[in-house]
Amino acid sequence: MSNESNISLSKGFTFSFEDDGNSIDAWFSAFSGLEKVYVNGVLVCSQRNFSRNSKTTFKIGTNEYSIDINAKSLLKGPFICNLNRNGQTYKRQKLLFPKPKKRAKISSLLTSFLIFLVVGTLFGLAHSYWQLPSEFIYIFIALVLIIVTSLNSKNHKSIKPVIENEENL
């Protein structure tokens with residue numbers, strides 16, 4: 001499983017490890033609490049856990065493995081996944097969500113203000129030209145909120161989570 005395509009708050013998160021020719025994937029969902037561990041594409045463990053810390057144990061051959069997933073916050077992370085082999089932490093991955101830069105926040109606020117200004121001007125002109133009832137202000141507010149929310153969600157989608165690897169701990 002590729003980490004890049006499997007990282008999403010709505011679809012869950014996947015940590016992928018390689019060990020002695022085996023592919024070990026730990027998938028979890030912060031929303032449903034479901035956790036699954038795959039070895040070479042075969043599901044070996046599945047459990048539901050709603051705490052910020054979990055541990056899943058399994059065997060590959062004579063080695064006993066465990067996956068520890070720890071989250072500082074279930075919505076914001078960071079998420080830390082440890083692969084333990086025979087009781088020792090062997091590999092670690094951290095899933096981090098970069099914060100938007102201040103410049104991006106200011107740009108987003110400026111864009112929101114300009115949209116409000118343009119749509120408000122157009123609404124005011126339409127209101128006076130067609131003499132619309134004053135209840136149409138609710139439509140105006142809803143329209144502005146939809147436009148601003150849509151633009152802000154596009155800005156946040158461009159911020160990709162980052163996975164840091166630590167090996168041979």
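How many helices and strands are there in the chain? The chain has two helices and ten strands, where helices (H or I, at least four residues) and strands (E, at least two) are DSSP runs numbered from the N terminus. This is a predicted model, in which local features need pLDDT of at least 70 and side-chain atom pairs count only at pLDDT 80 or more, while totals for chains, interfaces and linings use all residues. Residues are numbered from 1 along each chain as its sequence is written, and side-chain values use heavy atoms, with hydrogens and water left out.

**View 1. The order of elements along the chain.** Read along the sequence, the elements follow the pattern β-β-β-β-β-β-β-β-β-α-α-β. Of the 169 residues of the chain, 34% count as buried, a word that stands for under 20% relative accessible area, with exposed meaning over 50% and partly exposed in between (1.4 Å probe, protein chains only).

View 2. Strand 2 (residues 12–19) pairs with strand 3 (residues 22–28) in the antiparallel sense over seven bridges; two strands pair if DSSP finds at least two bridges between them. Phe17 has Ile24 of strand 3 as its bridge partner. Two residues lie between the strands of this hairpin, where Asp20 takes a positive phi near 50 degrees. Seven of the eight residues of strand 2 are buried.

**View 3. The largest nonpolar core.** A nonpolar core is a set of buried Ala, Val, Leu, Ile, Met, Phe, Trp, Tyr and Cys residues joined through side-chain atoms within 4.5 Å. The largest one has 21 residues, and Ile24, Phe58, Ile67 and Phe79 have the most contacts inside it. Strand 7 gives the most to this core, with four residues. Leaving aside residues up to four places away in sequence, Ile67 touches several residues, including Phe17, Ile24, Val37, Phe58 and Leu83, where contact means heavy atoms within 4.5 Å.

**View 4. The largest cavity.** A cavity is a set of points, on a 1 Å grid over the protein atoms alone, where a 1.4 Å probe fits but cannot get out, and its lining residues have an atom within 4 Å of a point. The structure holds one cavity of 30 Å³ or more, and about 40 Å³ of space lies in the largest cavity, a volume being the space filled by probe spheres set on the points. Among the residues that line the largest cavity are Ala26, Trp27, Val37, Thr56 and Ile67. Strand 4 supplies the largest share of this lining, three residues.

Key: 1 Å grid on protein atoms, 1.4 Å probe; cavity = no way out; pocket = protein on both sides within 12 Å on 5 of 7 lines; lining within 4 Å.
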